[in-house]
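Here are some notes for a colleague opening this structure for the first time. They are meant to be read with the sequence and the 3D view side by side.

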Amino acid sequence: MSQILIGEILACLMFIGVIGVLLIGFPVAFSLAGTALIFGVIGWLMGVYDPSNYGSLIGRYIGLMSSETLVAVPLFVFMGVMLERSGIAERLLLTMGKLFGNLRGGLGISVIIVGAMLAASTGVVGATVVTMGLISLPAMLRAGYDPKLATGVICASGTLGQIIPPSTVLIFMGDMLSGINAQVQMEKGNFAPEPVSVGALFAGALLPGFLLVGLYLAWVIIKAIIDPKAAPATPVPQDEKKDLFREVMVALVPPLLLIIAVLGSILGGIATPTEAASVGSVGAMMLAIANRKFTLSILRQAVVSTATITSMVFIILFGAAVFSIVFRMMGGDNLVHAFLSNMPGGAIGATIVVMFIMFLLGFILDTFEIIFIVIPITAPVLLTLGVDPIWLGVMVGVNLQTSFLTPPFGFALFYLRGVAPSGVSTAMIYRGVIPFVILQIIALIILFAFPQLVTWLPGTIYH
């Protein structure tokens, strides 16, 4: 048996092995690095892997830790955590509920709109689902909403933070795709490739995010028309209508200004994502002060939570770097290249296969784990085949948002299950998200058929 074949077999076994270790329940970062180190030793003993390759990790780690782009991650996480504790979500949900209460399905509509706004101002999926589950689910159930519709709306709108900027997932993907695209273009002989910036990825994700919001709203409206009992109106008492306009302005204007300040400055080229994130963090603290929710205790909680989340993500990234080096140096990347290049349908066929694999991995792995493992392995092949890097990044984001919702392992379902009343069964939550999973798949099909929905805005802004 040739050394090349032995290396490729070990690379395949390593990929399967790391999935198995994760299913057993070992921590992700240590599973990735540990499995890679074990297979690296096996490969070294069999003469197909050189341990000196680990030396390149030092430069990679220093590059990650000194990356100005990735500094935006803890800043956006801090912004999201601070907004979660500032009471802005609660005020938005209550006020928008009153605004749309006279319409059938009005509460569902308000939850989707608030979910989109929180996604655009926080980008933290778990916090959004939990916050809306605690505040809006009891209100929707009291109003007589079908529990399946109520839970589906909350899970779906809560996961919009996965794709609507400033998503932390898009920041990491932008950073990775930028390096991969530069390498692929240089191999093709293009020594001055167009850079793939996080700002361009944010711009590309904007219209798909609106598309998803539109599909969710359309489903709630259709459901309210064909089954009025599932989404009844909740009329606002006459005495509360007098101050409704002022309440809407107070609840709506501050987060809108924050969104404009953060996203507008990035898309307008005024600030980098890191600079905008720092402005957003200060803005989140100012909103907490304005809502009289800012205390040293809350600030400490926000800082500790930010440090915990950021450390977790970067440790996974470091473990994934070890996995990626061993996989590539044992010939795994050549195997993946041959496999995807020979797919029927060329670039589109290869992309569909990668998307399907990512969707399946979404049942058992977190979003960051998937992109850190799969993107470095598959993106070089797809970009070599001519796939647009911005389109690929956005498609991956929408796809992983779909797996976030899909029973039985969707993470959003577990977030909501943790805060849902005892009268709402797990089966109700599972059945409630199915229409929204179908809407997500429809969105993916639309983005496949019309890639201009992704590429038009960044092409207009950055050219």
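Helices are DSSP runs of H or I with at least four residues, numbered from the N terminus. The notes below use those numbers, and the model they describe is a predicted one.

1. A loop residue to start with. R292 sits in the loop that links α13 (273-290) to α14 (296-329). Its phi is near 60°, a positive value in a residue other than glycine. Most residues other than glycine have a negative phi. R292 has a relative accessible area of 79% and is therefore exposed, the cut-off being over 50%.

2. The peptide bond running from P165 to P166 is cis, and its omega is near 5°. Most peptide bonds are trans. P166 belongs to the loop between α8 (147-158) and α9.

3. Which residues touch the most other members of the largest nonpolar core? They are F172, I371, F372 and I375, in a core of 157 residues. For F172, with neighbours within four places in sequence left aside, the contacts are L70, V73, V313, F314, L317, F368, I371 and F372.

4. Helix α9 spans residues 168-187 and includes L177. Is L177 buried or exposed? Its relative accessible area is 0%, so L177 is buried. Leaving out neighbours within four places in sequence, L177 is in contact with V196, I375, A379, P389, L392 and G393. Among these, A379 is 202 residues from L177 in sequence, yet the two C-alpha atoms are 7.5 Å apart in space.

5. Two packed helices are described by the angle between their axes and the distance between the axes. For helix α10 (residues 198-226) and helix α21 (residues 452-461), the axes come within 7 Å and cross at roughly 135°. That angle makes α10 oblique to α21. The crossing of these two helices, α10 and α21, is right-handed. On the α10 side the contact is made by A200, A203, G204, L206, L207 and P208, and on the α21 side by L453, V454, W456, L457, P458 and I461. By type, the residues of this contact between α10 and α21 divide into 11 nonpolar, one polar and no charged.

6. How do the axes of helix α1 and α14 cross? Helix α1 (residues 3-24) and α14 have axes that come within 9 Å and cross at roughly 155°. The two helices, α1 and α14, are therefore roughly antiparallel to each other. A11, M14, F15 and V18 of α1 meet F323, V326 and F327 of α14. The residues of the contact of α1 with α14 comprise seven nonpolar, no polar and no charged.

7. V21 is also part of helix α1. Its relative accessibility is 23%, so V21 counts as partly exposed. Not counting residues up to four places away in sequence, V21 touches F26, S31 and T35. G34 is 13 residues from V21 in sequence, and their C-alpha atoms are 9.8 Å apart in space.

Technical notes:
Residues are numbered from 1 along each chain as its sequence is written. This is a predicted model: local features need pLDDT of at least 70, side-chain atom pairs count only at pLDDT 80 or more; totals for chains, interfaces and linings use all residues. Side-chain values use heavy atoms; hydrogens and water are left out. A nonpolar core is a set of buried Ala, Val, Leu, Ile, Met, Phe, Trp, Tyr and Cys residues joined through side-chain atoms within 4.5 Å. Buried means under 20% relative accessible area, exposed over 50%, partly exposed in between (1.4 Å probe, protein chains only). Contact means heavy atoms within 4.5 Å. Axes are lines fitted to C-alpha atoms, for helices over the stretch in contact, and angles run from 0 to 180 degrees between N-to-C directions. Angles under 35 degrees count as roughly parallel, over 145 as roughly antiparallel, 65 to 115 as roughly perpendicular and the rest as oblique. A crossing is left-handed if the near helix is turned anticlockwise from the far one by less than a right angle, and right-handed if clockwise. Ala, Val, Leu, Ile, Met, Phe, Trp, Tyr, Cys and Pro count as nonpolar, Asp, Glu, Lys and Arg as charged, and the others, Gly among them, as polar.
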